[in-house]
Amino acid sequence: MDVTRLIATDAARASRVLGGIRASALSGSGPDSDSESGRRPRPVPRPAIRESWNRMLHSGIDPDHDFRVDLLSRDEVERRRQTSPLRHVLPVLREGLLALADTSQHIMMVADADARVLWREGSTAVLRKADGQGLGIGADWREETVGTNGVGTPLVSRRPVQVFSAEHFVHALHSWTCTGAPITDPRDGRLLGAVDISGPLETLHPFTLALVDSVAKLAQARLRDLHLTSLEQLRAVAAPVLARIDGRAIAVDRDGWTAAVTGMPYTNRLALPDPVSPGRCWLPTLGLCWVEPLPSGWLIRPTADPPPASTATHITLDLAHPRRSTVTVTSCTGSWTHDLTPRHAELLYLLALHRGGRSASALADDMFGDPTRTVTVRAEMSRVRRYLGAFLDHRPYRFTERAKVEVRLPESPLDLLPHSLAPGVVRARAASGGQPWLERR
């Protein structure tokens, strides 16, 4: 049975079918339990839903529990709004989705990377229904709080997801249909949050998923435009300053993205300490530098002073959070942290697993199941070396001997890079006890 087509043509029947699928999954009955009697096998959850239910079953979340939690305070909501990059793309999200929300009894929700709802607009009646279930501004929509849903599940899977009726793991949400898509930082792939359209189950439209995904991509394109505009403005300020400098210098924005350079090769981004302050500091790619403030950025000038003696460096690869992966480098000169894209998190995890090193073909096999895709691997490793090059060797690719590598893993193996389909990561999950609880078809 094509459940997706059934949802689009007969919502009431689809809700009953999905209720049966959910009951079968919770009772432990497999999809082939009727095959021996000659009856047709029972339908199974769609792949995105099955993966989410696996996580819910493994974590022990109660499918019949009351998921209500305390909302964020008004002050905390406002603080998050003011610091979220998503505030810059609200006009894009409203223009693309609010017309649908108003005409089809839906609401639009915009949540941050912690799945906390920061903005919510749309049908007044549906807003009241959400308030009655404790789903107001500041609500927590993480999977581990409310189960499979259109905000938390896209943030974990990093893919657009539609969740209809009984596909919600928690029973209290079965009267809803939710369609959400993640929004990432176009500069480095970091998760910024998610946008979701939710409403009564009978209002589902088959094209909603494609629409929400398209609007999320438009929001990311708008963020890219804003980034390029801000670099142009910084470049205009920095150009006359750099023209007067006799030697090497680089102007970067507050996140380390390069606006202009003089006397040195161009690099796309510098790994900066957190926090950055004027004065002398040590940067992994430039050595000892002088840092001076610029409007919305920094002027960085490498000095001629010798670097400190080579010492062991501690590298922490933090994969404990399913929605954010980071690498932190700590040495005698200080520490800095870099947010990882999903692809770079996969690569560094595989290198941490294989401290003896991996050839380009072996990494290609680990990443794509195709050892011939070495060009893609070399291109990605070249990008990784831009911020971690001092601690990586090649031929084969590996962490240097002087780097002490620590990997922080999530409590559940199913939360290890849950977006990843890389064969090497999938094997590592299985070896750690992360075998799926629901059968695959």
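How many cavities of 30 Å³ or more does a search of the whole structure find? Two. Keep in mind while reading that this is a predicted model. Some notes from going through it:

1. Overall make-up. The protein has 441 residues, and 50% of them count as buried. Its secondary structure comes to 13 helices and 16 strands. Taking contacts between residues at least 6 apart in sequence, 58% join residues at least 24 apart. The accessible surface is about 20,400 Å², with 50% of that belonging to carbon and sulfur atoms.

2. The largest cavity. Rolling a probe the size of a water molecule over the atoms shows where empty space is left. Of the two cavities found, the largest has a volume of about 70 Å³. Its lining is made up of 15 residues, and Pro322, Arg324, Ser325, Leu417 and His419 are the ones nearest its centre. Two or more lining residues come from each of strand E11 (313-321), strand E12 (324-331) and helix H10 (342-353). By class, the lining splits into seven nonpolar, four polar and four charged residues.

3. Arg324 again. Besides lying among the residues nearest the centre of the largest cavity, Arg324 belongs to a network of salt bridges that also links Asp185, Arg187, Arg190, Asp255 and Asp339. Where does Arg323 sit? Arg323 is in the loop between E11 and E12. Is Arg323 buried or exposed? Arg323 counts as buried, because its relative accessibility is 4% and the cut-off for buried is under 20%. Leaving aside neighbours within four places in sequence, Arg323 is in contact with Ala113, Asp114, Arg142, Glu144, Leu155, Val156, Arg158 and Leu191. One of these, Asp114, is 209 residues away along the chain, yet the two C-alpha atoms are separated by 8.1 Å.

4. Asp140 and Arg142. Side chains of opposite charge can pair when their charged atoms come close. The structure holds 27 salt bridges, and one of them joins Asp140 to Arg142 at 2.7 Å, N to O. Asp140 is buried, at 4% relative accessibility, whereas Arg142 is partly exposed, at 28%. Arg142 is also one of the contacts of Arg323, which ties this point to the previous one.

5. Glu51 and Arg159. Here the closest N and O atoms of the salt bridge are 3.0 Å apart. The partners come from distant parts of the chain, 108 residues apart: Glu51 is in helix H3 (residues 47-59), and Arg159 is in the loop between helix H8 (152-157) and strand E3 (161-164). Glu51 has 17% relative accessibility and counts as buried, while Arg159, at 28%, counts as partly exposed.

6. Asp366 and Arg427. The closest N and O atoms are 3.1 Å apart. Asp366 is buried, with a relative accessible area of 2%, and Arg427 is partly exposed at 47%.

How values were computed
Residues numbered from 1 in each chain as written. Predicted model: local features only at pLDDT ≥ 70, side-chain atom pairs only at ≥ 80, totals over all residues. Heavy atoms only, no water. 1 Å grid on protein atoms, 1.4 Å probe; cavity = no way out; pocket = protein on both sides within 12 Å on 5 of 7 lines; lining within 4 Å. Points joined across faces, edges and corners; volume = space filled by probe spheres on them. Helix = DSSP H or I, 4+ residues; strand = E, 2+ residues; numbered from the N terminus. Nonpolar A, V, L, I, M, F, W, Y, C, P; charged D, E, K, R; others polar. Buried < 20%, exposed > 50% of the residue type's maximum accessible area, 1.4 Å probe, protein only. Contact = heavy atoms within 4.5 Å. Areas by Shrake-Rupley, 256 points an atom, 1.4 Å probe, with all protein chains shown as cover. Salt bridge = Lys/Arg side-chain N within 4 Å of Asp/Glu carboxyl O.
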